[in-house]
Amino acid sequence: MSYLAKVRELNPLVHNITNIVVANFSANGLLALGASPFMADAPEEVADVAAMSGAVVLNIGTLNEQLIASMVLAGQSANTHNVPLVLDPVGAGATAYRSEVTQRLLNEMQITALRGNVAEVANVAGESWASKGVDAGAGDGDVIALANKAALKLGSVVIITGKEDIITDGSRTFIVSNGHPVLTKVTGTGCLLSAVVGAFLAVSEGDWLEAAAEAISFYGVAAEIAAELTAHKGPGDFQIEFLNQLAMVTPQIYNAKSRIELVNQ
Ligand code: ATP
Ligand code: TZP
Ligand code: MG
Ligand code: MG
């Protein structure tokens, strides 16, 4: 069975501590996919929510100290209860505070997967890459080498997204070429993707790398179809149709359109 079919069958609970920009979009995207979103960030309850969830997704997009304290509690609870844990280090490298908080989180917990743009992952790997706020800037480094370095450093799956997406555990690496440029015109498409990765990890029984690759490719397929259906419109119509397609792309459609390549090391 595909992980997509399993998400729809098992309807995993996905605990999100995320930013104020994308909370609604992320919850709606997870629901459309077939997962069950739970947005909870009070320090009094996050450990309990993480313990009962199928995955925990932490996102530092609009961070503050209370939120970070909640993320530490949720992340450590996820580790204690063997719940897969995703980190989206939004804007790591853009400010010293975001870089420092990202390191603090990584020191306090073992994450299962890191998902970010190339500048964010470069920062985690100890490299530098141009960024513009929460967006990656142009650069010409070796993105696969960067992803591998981060994966080996963290002992996690690392996902770098962009025109092409790299998914690696430091040993095996996939490149996904699904997706559409209009995704860059809707805020939160990276953040929702991190939550979608959480939903796929929740049903993967430890096959983190394969599940993450399928999540990334599935998301790109949904975007391609939505872009085609709204080609004569703008990002607003695309955003709505994209939510529709997260619900409507079946495993059969996914299999026909998925473009995942295994890279030889
Ligand atoms: P950034 O802030 O740099 O945009 P992000 O956190 O929003 O980063 P993205 O890298 O934009 O994350 O990834 C979100 C989704 O958009 C992924 O599915 C990715 O494949 C897709 N994507 C991003 N850029 C392109 C592009 N130029 N062409 C096709 N798909 C893209
Ligand atoms: N500002 C702080 S968080 C955020 C913005 C615009 C959302 C970023 O979302 P994404 O998915 O990285 O585009
Ligand atoms: Mg983007
Ligand atoms: Mg992002």
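Visitor: Which atom of ligand 1 is 3.0 Å from an N or O atom in the side chain of Asn117?

Guide: An oxygen atom of ligand 1 lies at that distance from the Asn117 side chain. A polar contact is a pair of N or O atoms within 3.5 Å; within protein, one must be able to donate a hydrogen and the other to accept it, and residues adjacent in sequence count only if both atoms are side-chain atoms. Asp165 places a polar side-chain atom 2.8 Å from an oxygen atom of ligand 1, and a backbone N or O atom of His180 is 3.2 Å from a nitrogen atom of ligand 1. On its own, ligand 1 has 600 Å² of accessible area, of which the protein covers 85% (Shrake-Rupley method, 1.4 Å probe; for residues, only the protein chains shown count as cover).

Visitor: On what conventions do such values rest?

Guide: This is a predicted model, in which local features need pLDDT of at least 70 and side-chain atom pairs count only at pLDDT 80 or more, while totals for chains, interfaces and linings use all residues. Residues are numbered from 1 along each chain as its sequence is written, chains are lettered from A and ligands numbered from 1 in the order in which they are written, and side-chain values use heavy atoms, leaving out hydrogens and water.

Visitor: Which polar backbone atoms lie by an oxygen atom of ligand 2?

Guide: One belongs to Gly190, at 2.9 Å from an oxygen atom of ligand 2. Gly188 has a backbone N or O atom 3.4 Å from a ligand 2 oxygen, and for Thr189 the distance is 3.5 Å. The protein buries 77% of the 380 Å² that ligand 2 exposes when taken alone.

Visitor: How is the sheet to be read?

Guide: Strands of a sheet pair through backbone hydrogen bonds, either parallel or antiparallel. Here 9 strands form an open sheet of mixed pairing, in the order β2-β1-β3-β4-β5-β8-β9-β10-β11. Strands (E, at least two residues) and helices (H or I, at least four) are DSSP runs, numbered from the N terminus; two strands pair if DSSP finds at least two bridges between them. Because β2 (36–39) and β11 (260–263) each have a single partner strand, one side of each is left without a neighbour in the sheet. Strand β10 (residues 173–176) pairs with β11 in the antiparallel sense over 4 bridges, and Ile175 stands opposite Glu261 in β11.
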